[in-house]
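Reader: Please walk me through this model. Start with a single residue, then widen to the sheet and the chain.

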Amino acid sequence: MICLFRNPLVLLFTQFMQMVLLRLIILLSRVKKQLPEIPRVGMRMILKGEYDQMTWFGRGPQENYWDRKSGADIDLYKASVWDQYHPYVRAQETGNKSDVRWVALQDQAGNGLLIK
């Protein structure tokens, strides 16, 4: 394993397995100080534009959020990445999906990335 980032709170390790599989492990460690609860831990990546096909198993097909998801059934869905965008008048997040078990982003030939 290769350590990419280290501080008292977060250790981020990557392990490359079989040429194209990338596994990220994020470990949070406790500290003696009283700190607020961590509301969200995330990661941001930039992919090539040709990965424009999205398949997911979760709620959909419309965008849904934790407090408004009962009208979106859990199923297997497929749409383009661009179909997830909505030009709201006020800038805000768009295209959110709740209870997603996995998502695949692929190009037209079926090559791409599977996130579980």
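**Contacts, sheet and chain**

Author: Trp56 touches Pro61, Asp75, Leu76, Tyr77, Lys78, Ala79, Gln84, Lys97, Val100, Trp102 and Val103, leaving out residues up to four places away in sequence. Contact means heavy atoms within 4.5 Å. This is a predicted model: local features need pLDDT of at least 70, side-chain atom pairs count only at pLDDT 80 or more, and totals for chains, interfaces and linings use all residues. Residues are numbered from 1 along each chain as its sequence is written, and side-chain values use heavy atoms, with hydrogens and water left out.

Reader: Which residues make up the largest nonpolar core?

Author: Such a core is a set of buried Ala, Val, Leu, Ile, Met, Phe, Trp, Tyr and Cys residues joined through side-chain atoms within 4.5 Å. Buried means under 20% relative accessible area, exposed over 50%, partly exposed in between (1.4 Å probe, protein chains only). The largest one has six residues: Met54, Trp56, Tyr77, Ala79, Val103 and Leu105.

Reader: Which strands each supply at least two residues of this core?

Author: Strands are DSSP runs (E, at least two residues), numbered from the N terminus; helices are runs of H or I, at least four residues. The core draws at least two residues from each of S4 (53-60), S5 and S6.

Reader: Why is one side of S5 and of S7 left without a neighbour in the sheet?

Author: Two strands pair if DSSP finds at least two bridges between them. The open sheet has four strands in the order S5-S4-S6-S7, paired antiparallel. S5 and S7 (112-115) each have a single partner strand, so they stand at the edges.

Reader: How many bridges join S6 to S7, and which residue stands opposite Gly112?

Author: S6 and S7 run antiparallel, and the bridges between them number four. In S7, Gly112 faces Gln106.

Reader: Is Ser98 buried or exposed?

Author: Ser98 sits in the loop between S5 (73-80) and S6 (102-106). Beyond its neighbours within four places in sequence, Ser98 contacts Gly58, Arg59, Asn64, Tyr65, Trp66 and Lys69. Its relative accessible area is 9%, so Ser98 is buried.

Reader: How many helices and strands does the chain have?

Author: From the N terminus on, the elements run β-β-β-β-β-β-β. The count is zero helices and seven strands.

Reader: What share of the chain's residues count as buried?

Author: The chain exposes about 9900 Å² (Shrake-Rupley method, 1.4 Å probe). Carbon and sulfur atoms supply 56% of that area. Of the 116 residues, the buried share is 21%.
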